[in-house]
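Please view the sequence and the structure first.

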Amino acid sequence: MGKKKENDTSNPYGEPAKYDPSFNGPIHNRSCTDIICCILFMAFILGYIVVGILAWLYGDPRQVVYPRNSTGVYCGFGANTGKPYAFYFDILKCISATNIMAAALNGFQCPTTQVCVASCPSSFGIVNVAALATANVQSTFNQTYCNPSINLTTTSLSAKDILAKELCPFYYVPSTPVLNRCLPSFGELNSIPSNFSLNGLSTNNTGNLIKNATSNLVSGMNLQDISMKIFADFALSWYWILIGLLIAMIVSLLFLILLRFTAKILIWLLIIGVLGVIAYGIWHCYWEYNNYNTQNLSINQLGFTTDFSAYLHVKETWLAFLIILAVLEGILLLLLIFLRNRIRIAIALIGEASKAISYIMSSLVYPLVTFVLLIICVAYWVITALYLATSGSPLYRIVALNTSDPGCYNISGNDTCDPTNFNTSSSSCQSVRCIFYKYNNEGLFQRNLFNLQIYNIIGFLWCMNFVIALGQCTIAGAFASYYWAFHKPADMPYFPVTASFMRALRYHVGSLAFGALILTIIQLIRVILEYLDHKLKGAANPCTRFLLCCLKCCFWCLEKFIKFLNRNAYIMIAIYGKNFCVSAKNAFSLLMRNILRVFVLDKVTDLLLFFGKLLVVGGVGVLAFFFFSGRIQLPNNVFQAGNLNYYWVPIITVIVGSYMISLGFFSVYSMCVDTLFLCFLEDLERNDGSAEKPYFMSKSLMKILNKKNKQPKEKK
């Protein structure tokens, strides 16, 4: 008993794994794990589907995408077929609303008459007030922009009555369709005709009035103009963008394959390069220090200043930089000396990972499966959120457009109406209108829209984390089958990725959902903290701000730790088929028993993958820059960069696409390294190289550790 207690004290992270003669890789005879969480996850998914169905039944995204006229009928549909744009009689009343983006979900309805038109105005037009009493209505107004209820050729109303009832607009300006709404073209307002005047203002002041009122929409209109040019650039260069992304894929693949042969040289070059950069920094700091030392400039003479660049002109600053870099260089050199053997192990594992990928090339395709599943999750979340936001039928209120009219004093603005049968002639207020103000929030479904949106967010996070967990477990199982194959590749299964994927789906949905749920809860807390920080930004006192900052930092660190723990737990699940908690405990204990090896491998792998991403993204990005900027010309003018509106559009597309491609390839590589590392640690604890317990590791790893497998004795 005393000996056992002593062993427990000397091994706070558990005993090493024991030899199991029946173990030779991922266990096939396994059972379902974390069944309760599996049932909970399935029930949640069913509920998520029900929420989506309800949102689809009650919601109507057309309320956001398509505009309505004043009677609530969609433009471009039914009686308004061929008239997809909404034209506002007095656009100033719309744009002066508090927040145009907040009105987006309300269909951009505003307190002025709006009609559906086939095209937005392309010129200026205004009614001559001086000749209004004797004006001919057909020559005064444009039937195209008038309310369909009035026919200018047969109406008996005077021009004054038409304006009072807002049956035709008083003015219109050149407009651009933005989200199918006719909004003033900002550039056209610089050339306003001399007879165009609003509210008795001069031409210049009228232009400034419209400009000021539309200033909050300038970005939106410019965005639409830019978007059309960007679309044209994509149409012109999409073929070459695909070629650039293909080059990025080939470079990423070649980099991973070449690591099998060049990992050792490349990593040592990167390590020496880091030491060299720091050494240059030390020399540069000494040179700057010596330069300012001869000028007798000191920090005492400078004193305190908010111009921090001034501190770069005193010797003490460069002396501090020199000391910091020298200490960092010394620490790195000491780590390099004392951890050189562990660095060699990390290099060997990285090379072994490249070899494993060359045997399981299908693993490089699996990130596409993860990507497609993530796209489905994002699309379902966005569509559900949009349908929920537009749930409920539109409600309308009776509103007086001209509140100074004595006949409109009795209109409170709270009475509801139906725009399809609303009759303005029965009211003493000529400017009375039936105006949309919100969507119906009555009823059980509508009253719980906020709760359903929260459910939607939780479902989105949980599904995203589950898809990532499924991918990690699948890749881990495939590479574990490689490591534990004694004769590679003869002892490997024929379809390791497919077999691992089916095992994960058949037995471990509950465990993967459990790990994903833990991460989802932490991410949800972080979202809540960010929301509180945003809301309390102006009102919170310094103590509250400090507390929120500490909480955000703590939960950020916690999320990183849980991701690390989950990743290694999924590897253990893929190998041994245990539940999540046991797998997480075993993985954590195994890593803590080899903490120095974990640290070295993690940093060496990060350095290598960073260099790989830099090589792929930087190399392809530079090539794209020279090509799309016209510095590289193809024979026969196959592609002319001068035809592009913005040559940076395809360049940024290629860079972002290259990064996503390299991230997909290198995520497989990183998971492969982590899986082989855990298997390597298990191999060291389980086996001793004897004929009964041979090592499964490669000969290069055994050579670094001065170990070898003993050959079984031959029978005489």
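The model is predicted: local features need pLDDT of at least 70, side-chain atom pairs count only at pLDDT 80 or more, and totals for chains, interfaces and linings use all residues. Residues are numbered from 1 along each chain as its sequence is written, and side-chain values use heavy atoms, with hydrogens and water left out. The chain has 716 residues, 42% of them buried, and its secondary structure comes to 20 helices and 9 strands.

**Whole chain**

- Helices (H or I, at least four residues) and strands (E, at least two) are DSSP runs, numbered from the N terminus.
- Buried means under 20% relative accessible area, exposed means over 50%, and partly exposed lies in between (1.4 Å probe, protein chains only).
- The chain has an accessible surface of about 38400 Å², and carbon and sulfur atoms hold 65% of that surface. Such areas come from the Shrake-Rupley method with a 1.4 Å probe, and for residues only the protein chains shown count as cover.
- Of the contacts in the chain with a separation of 6 or more, 74% are between residues 24 or more positions apart. Contact means heavy atoms within 4.5 Å.

**Terms for helix pairs**

- Axes are lines fitted to C-alpha atoms, for helices over the stretch in contact, and angles run from 0 to 180 degrees between N-to-C directions.
- Angles under 35 degrees count as roughly parallel, over 145 as roughly antiparallel, 65 to 115 as roughly perpendicular, and the rest as oblique.
- A crossing is left-handed if the near helix is turned anticlockwise from the far one by less than a right angle, and right-handed if clockwise.
- Ala, Val, Leu, Ile, Met, Phe, Trp, Tyr, Cys and Pro count as nonpolar, Asp, Glu, Lys and Arg as charged, and the others, Gly among them, as polar.

- Helix α13 (residues 449-483) packs against helix α14 (residues 496-507) at an angle of about 130°, and their axes are 8 Å apart. The two helices are therefore oblique to each other.
- The crossing of α13 and α14 is right-handed. On the α13 side the contact is made by Leu470, Cys473, Thr474, Gly477, Ala478 and Ser481, and on the α14 side by Pro496, Val497, Ser500, Phe501, Arg503, Ala504 and Leu505. By class these residues are 8 nonpolar, 4 polar and 1 charged.
- Helix α11 (residues 366-389) also packs with α13, at an angle of about 180° and with the axes 10 Å apart, so α11 is roughly antiparallel to α13. Their contact has 19 nonpolar and 6 polar residues and no charged ones.
- Phenylalanine 495 is in the loop between α13 and α14. With a relative accessible area of 63%, phenylalanine 495 is exposed. Its C-alpha atom is 8.6 Å from that of isoleucine 360, 135 residues apart along the chain.

**α15 with α16**

- Helix α15 (residues 509-535) and helix α16 (residues 542-576) pack at an angle of about 165°, their axes 10 Å apart, which makes α15 roughly antiparallel to α16.
- Their crossing is left-handed, and the contact divides into 16 nonpolar, 4 polar and 7 charged residues.
- Glutamate 559 belongs to helix α16 and counts as buried at 7% relative accessibility. Not counting residues up to four places away in sequence, glutamate 559 touches Leu519, Ile522, Gln523 and Arg526.
- Leucine 524, in helix α15, counts as partly exposed at 23% relative accessibility. Beyond four places in sequence, leucine 524 touches Ile457, Ile458 and Leu461.

**Other residues**

- Serine 658 lies in helix α19 (residues 648-686) and is buried, with a relative accessible area of 0%. Not counting residues up to four places away in sequence, serine 658 touches Leu245, Ala248, Val616, Val617 and Val620. Serine 658 and isoleucine 247 are 411 residues apart in sequence and 8.7 Å apart in space, C-alpha to C-alpha.
- Aspartate 34 is in the loop between α1 (2-10) and α2 (35-58). Although not a glycine, aspartate 34 has a positive phi of about 50°. Most residues other than glycine have a negative phi.
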